[in-house]
Each structure stands twice: as structure tokens, then as C-alpha cells.
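Please keep the sequence and the model in view while reading.

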Amino acid sequence: MYFWCSKCFRAFSSVEEYPFECYFPDCDAGIYDIKTWESIQEKNPSLPEIPQQGKVYPPQNR
Ligand SMILES: [Zn+2]
């Protein structure tokens with residue numbers, strides 16, 4: 001599963017079905033800040049289906 005953090009805007013993969021916190025230790029995002037990559041990619045079809053680990057993907061909903 002791939003996820004996206006709405007606080008640090010980075011993508012990461014996790015074996016967990018739903019991570020409780022951001023993958024990156026320097027980010028204090030919690031479970032409500034983590035979105036599935038699927039839901040992000042659905043709204044922004046220009047994004048890749050598989051995100052790069054640790055890459056920043058700025059929010060594109062304006
Ligand atoms: Zn984060």
C-alpha cells in the first residue's frame with residue numbers, strides 16, 4: 001500500500017493497511033493526516049500510479 005502525508009507532502013509505502021503516523025520521523029503527522037495514495041492519485045490523474053518513496057508531491061487541489 002502507498003500513502004501520502006498531508007503535512008509533509010511526502011509519499012511512502014507501508015505494509016500496514018493504515019499507518020498510525022507519518023513514515024518520516026521528522027514529521028509529526030498522525031493517522032488523520034495520512035491519505036491513501038489511491039485517493040490522491042484518483043483526484044490527480046497526472047500523478048504516477050506508484051509514487052516514489054520519500055518524494056514530495058505538493059497538493060494539487062486548488
Ligand atoms: Zn509527514
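**Contacts, core and sheet**

Leaving aside residues up to four places away in sequence, Trp4 touches Ala11, Lys35, Trp37, Ile40 and Tyr57. The model described here is predicted.

**Nonpolar core**

- Nine residues form the largest nonpolar core: Phe3, Trp4, Cys5, Ala11, Phe12, Cys22, Ile34, Trp37 and Ile40.
- At least two residues of this core come from each of strand 1 (2–5), strand 2 (11–13) and helix 1 (37–43).
- Strand 1 supplies the largest share of the core, namely three residues.
- In soluble globular proteins, nonpolar side chains tend to be buried together.

- Three strands make up an open sheet in the order 2-1-3, and their pairing is antiparallel.
- Strand 2 and strand 3 (34–36) are the edge strands, each of which pairs on one side only.
- On average, neighbouring strands of the sheet are turned by 35° against each other, with direction ignored.
- Three bridges join strand 1 and strand 3, which pair in the antiparallel sense.
- Cys5 has Ile34 as its bridge partner in strand 3, and both Cys5 and Ile34 are also listed among the residues of the largest nonpolar core.

**Ser6 in the loop**

- The loop between strand 1 and strand 2 contains Ser6.
- Ser6 counts as partly exposed because it has 13 C-beta neighbours inside 10 Å, whereas a buried residue needs 20 or more and an exposed one has 12 or fewer.
- When residues up to four places away in sequence are not counted, Ser6 touches Asp33 and Lys35.
- Lys35 is also one of the residues that Trp4 touches.
- Ser6 and Tyr32 are separated by 26 residues in sequence, and their C-alpha atoms are 9.0 Å apart in space.

**Phe9 in the loop**

- Phe9 is likewise found in the loop between strand 1 and strand 2.
- The phi of Phe9 is near 65°, which is a positive value in a residue other than glycine.
- Most residues other than glycine have a negative phi.
- Phe9 is partly exposed, because 13 other C-beta atoms lie within 10 Å.

How values were computed: Residues numbered from 1 in each chain as written. Predicted model: local features only at pLDDT ≥ 70, side-chain atom pairs only at ≥ 80, totals over all residues. Core = buried A, V, L, I, M, F, W, Y, C linked by C-beta atoms within 7 Å. Helix = DSSP H or I, 4+ residues; strand = E, 2+ residues; numbered from the N terminus. Contact = placed C-beta atoms within 7 Å. Pairing = 2+ DSSP bridges. Axes fitted to C-alpha atoms, helices over the stretch in contact; angles between N-to-C directions.
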